[in-house]
Amino acid sequence: MKKDIHPDYHTVKVVMTDGTEYETRSTYGEEGAVINLDIDVNTHPAWTGGSQHLLDRGGRVSRFKKKFEGFI
């Protein structure tokens, strides 16, 4: 196997939308990085049956609606 061509594989912390945290291994960021999820199995309609609504973090949904409000 060739040396120095593979990304570093290290431990990161994942924070779910409800505040639950767990550690996993990933190539994301650096050792000890924190990944804050905007959407996970607790909030995504595919897993909740549409009973929960997505939060509009950063105004992405409102910007999209404003951009295409007159489009039919």
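**Entry 1: F68 and the ring pairs**

F68 forms an edge-to-face aromatic pair with F71, at 6.3 Å centre to centre and 70° between the planes; rings of Phe, Tyr and Trp (its six-membered ring) pair if their centres lie within 6.5 Å, with planes under 30 degrees apart counted as stacked, over 60 as edge-to-face and the rest as tilted. F71 is itself exposed, since its relative accessible area is 67%.

I then searched the whole structure for aromatic pairs, and the search returned 2. Besides the pair with F71, I noted that the ring centres of F64 and F68 lie 4.9 Å apart with their planes at 50°, so this pair is tilted. F64 counts as exposed because its relative accessibility is 53%. Taken together, ring pairs link F64, F68 and F71 into a cluster.

**Entry 2: basis of the model**

I note that this is a predicted model, in which local features need pLDDT of at least 70 and side-chain atom pairs count only at pLDDT 80 or more, whereas totals for chains, interfaces and linings use all residues. Residues are numbered from 1 along each chain as its sequence is written, and side-chain values use heavy atoms, with hydrogens and water left out.

I read pLDDT as the predictor's confidence in each residue, from 0 to 100; the protein averages 82, and 79% of the residues score at least 70. Confidence is lowest in helix α1 (residues 45-48), at a mean of 68, and highest in β1, at 95 (helices are DSSP runs of H or I with at least four residues, strands are runs of E with at least two, and both are numbered from the N terminus).

**Entry 3: the hairpin and S26**

I traced strand β1 (residues 10-15) against strand β2 (residues 21-26) and found them antiparallel and joined by 6 bridges, where pairing requires that DSSP finds at least two bridges between the strands. The hairpin has 5 residues between its strands, and G19 takes a positive phi near 95°.

S26 lies in β2, and H10 stands opposite S26. S26 is buried, because its relative accessible area is 17%. Leaving aside residues up to four places away in sequence, I found that S26 touches D8, Y9, H10 and V12, contact meaning heavy atoms within 4.5 Å. A polar atom of the S26 side chain also lies 2.9 Å from the backbone nitrogen of Y28.

Technical notes. Buried means under 20% relative accessible area, exposed over 50%, partly exposed in between (1.4 Å probe, protein chains only). A polar contact is a pair of N or O atoms within 3.5 Å; within protein, one must be able to donate a hydrogen and the other to accept it, and residues adjacent in sequence count only if both atoms are side-chain atoms.
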